[in-house]
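Please walk through this model with me, going from one chain to the contact between chains and then to individual side chains.

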Amino acid sequence: MTKLIIILLSAVFINNYVLSRFLGICPFLGVSKKLDSATGMSIAVIFVMLMATAVTYPIQMYLLVPNDLGYLQTIVFILVIAALVQLVEIVLKRYIPSLHKSLGVYLPLITTNCAVLGVTILNIDEGYTFLEAMVNSLGSGLGFFLAMVMFSGVRSKIEGADIPKSFKGLPVTLIAASITSLSFLGFGGVIENLFA
Amino acid sequence: MKKLDNFTKGIIKENPVLVLILGTCPTLATSTSVSSAIGMGAAATVVLLCSNIVISALRKVIPDKVRIPCYIVLIAGFVTMVQMLVKAFAPALDKSLGIYLPLIVVNCIILGRAEMFANKNKVIDSAIDALGMGAGFTLALCAMATIREVFGNGTFFGIPIPVLESNNISILTMAPGGFFVFGLLIAIVNKFFTSKPKKKDFGCEGCPSRDVCRGAAEKEGV
């Protein structure tokens with residue numbers, strides 16, 4: 001149990017996908033302008049990460065490894081994720097239209113999101129069990145959510161600020177991201193000591 | 001002459017990293033040392049070259065509606081080959097790139113060039129475009145890695161530099177330093193190489209999945 005809590009908390013705070021592993025930077029910079037779209041995008045990411053892990057983990061363990069096809073991992077995973085995202089979109093559209101309305105626009109964007117592919121591959125590389133892998137995916141998704149929501153707050157402050165011309169747009173956003181990521185460095189070592 | 005333009009535009013005018021803002025994830029993650037930056041640049045260039053050539057050769061065969069999945073499968077195939085080659089011949093590089101090597105699949109530069117260039121142009125032009133873009137990517141990565149390694153670690157290619165070695169600013173090699181140096185580099189490019197800062201916002205333009213997710217962009221009010 002303690003191990004699961006450590007995995008969850010360190011995925012959220014210490015190895016935060018966006019701010020310390022640099023995965024999923026595109027949506028982090030592109031969709032973080034408004035709070036509601038940042039929230040929608042992150043909830044869609046959490047959802048897809050959990051689904052993707054639930055599907056790719058058994059595929060790797062029970063299909064690829066026993067048949068000596070480990071080298072097909074990259075191709076199989078990206079295809080499974082792409083198909084899964086399409087499937088989720090169709091199902092949502094048919095059965096839960098209200099959820100499709102709020103999450104649907106973000107789903108296609110997630111197919112080529114490196115955070116989702118990254119979490120599925122890392123779960124295998126780290127040698128997690130199925131339960132640990134699911135917890136790690138949940139933690140990574142929550143970490144993404146936290147970073148997106150925090151950063152959309154930071155960005156709304158930047159909008160009104162007076163910045164030098166050549167820093168307008170992306171450069172100042174990146175420097176704000178750097179300071180946000182600096183604040184996350186403070187969590188290093190906290191979680192190991194919490195349970196030591 | 002036009003062929004030469006095709007090559008050089010990737011290096012400065014349409015630099016994939018600093019001007020088109022594609023492939024930010026590997027840029028930030030693998031620029032902690034010059035040697036891993038060159039490794040990443042070379043791996044991505046090889047994949048880009050192969051995928052551009054094949055996609056451009058098959059551009060009349062691939063149906064328009066399913067082109068993105070086709071491109072992804074082709075790219076994933078080439079990435080797997082590069083992964084196996086690196087594992088066999090440069091195990092140290094494989095270790096330093098880690099997860100970012102398979103993630104070349106979702107590198108927006110490769111899908112972006114397939115979508116923006118290779119499916120409209122001839123094989124030779126696409127190959128030249130791929131080389132130019134690959135060179136631009138590698139150069140941008142190296143510029144960032146040089147700053148981060150020299151000032152953050154006090155070394156260059158692993159060789160210690162006398163004064164800087166004992167006065168290194170180690171935050172530059174960590175995550176916040178990556179964002180910071182990248183921000184500064186883009187600001188410099190904005191100042192000196194493009195006459196005026198881009199009017200349109202970044203992020204979605206140039207993204208290969210832009211058409212698919214226009215809904216998201218509209219919701220953002222871009």
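A residue counts as buried under 20% relative accessible area, as exposed over 50%, and as partly exposed in between, with a 1.4 Å probe and protein chains only. By that scale B:Ala42 is partly exposed, at 40% relative accessibility, and its place is in helix α3 (residues 34-57) of chain B. B:Ala42 and B:Phe137 are separated by 95 residues in sequence, yet their C-alpha atoms are 9.2 Å apart in space.

This is a predicted model, in which local features need pLDDT of at least 70 and side-chain atom pairs count only at pLDDT 80 or more, while totals for chains, interfaces and linings use all residues. Residues are numbered from 1 along each chain as its sequence is written, chains are lettered from A and ligands numbered from 1 in the order in which they are written, and side-chain values use heavy atoms, with hydrogens and water left out.

Chain B has 10 helices and two strands, where helices (H or I, at least four residues) and strands (E, at least two) are DSSP runs numbered from the N terminus. Its elements run α-α-α-α-α-α-α-β-β-α-α-α from the N terminus on. Of its 222 residues, 51% count as buried. With contact taken as heavy atoms within 4.5 Å, 75% of the contacts in chain B between residues at least 6 apart in sequence join residues at least 24 apart.

How many residues does each chain give to the contact between chain A and chain B? Chain A gives 49 residues and chain B 46 residues. Together the chains bury about 4200 Å², 77% of it on carbon and sulfur atoms; buried area here is the accessible area (1.4 Å probe) that two parts lose on being put together, summed over both. Between the chains there are zero salt bridges, a salt bridge being a side-chain nitrogen of Lys or Arg within 4 Å of a carboxyl oxygen of Asp or Glu.

Over all chains, however, the structure holds four salt bridges. B:Asp64, B:Arg67 and B:Glu115 are linked in a network of them. Because B:Arg67 lies in helix α4 (residues 67-89) of chain B and B:Glu115 in helix α6 (residues 108-118) of chain B, the latter pair ties together parts that are 48 residues apart in sequence. B:Asp64 is exposed at 56% relative accessibility, whereas B:Arg67 is buried at 19% and B:Glu115 is buried at 12%. A further salt bridge joins B:Arg113 to B:Asp129, with the closest N and O atoms 3.0 Å apart; B:Arg113 is buried at 3% relative accessibility, and B:Asp129 is buried at 0%.

The structure also holds six aromatic pairs over all chains. Rings of Phe, Tyr and Trp (its six-membered ring) pair if their centres lie within 6.5 Å, and planes under 30 degrees apart count as stacked, over 60 as edge-to-face and the rest as tilted. A:Phe13 and A:Phe187 form a tilted pair, 4.6 Å centre to centre with 40° between the planes. A:Phe13 lies in helix α1 (residues 2-14) of chain A and A:Phe187 in the loop between α9 and α10 (190-194) of chain A, so this pair ties together parts 174 residues apart in sequence. Ring pairs link A:Phe13, A:Phe184 and A:Phe187 into a cluster.
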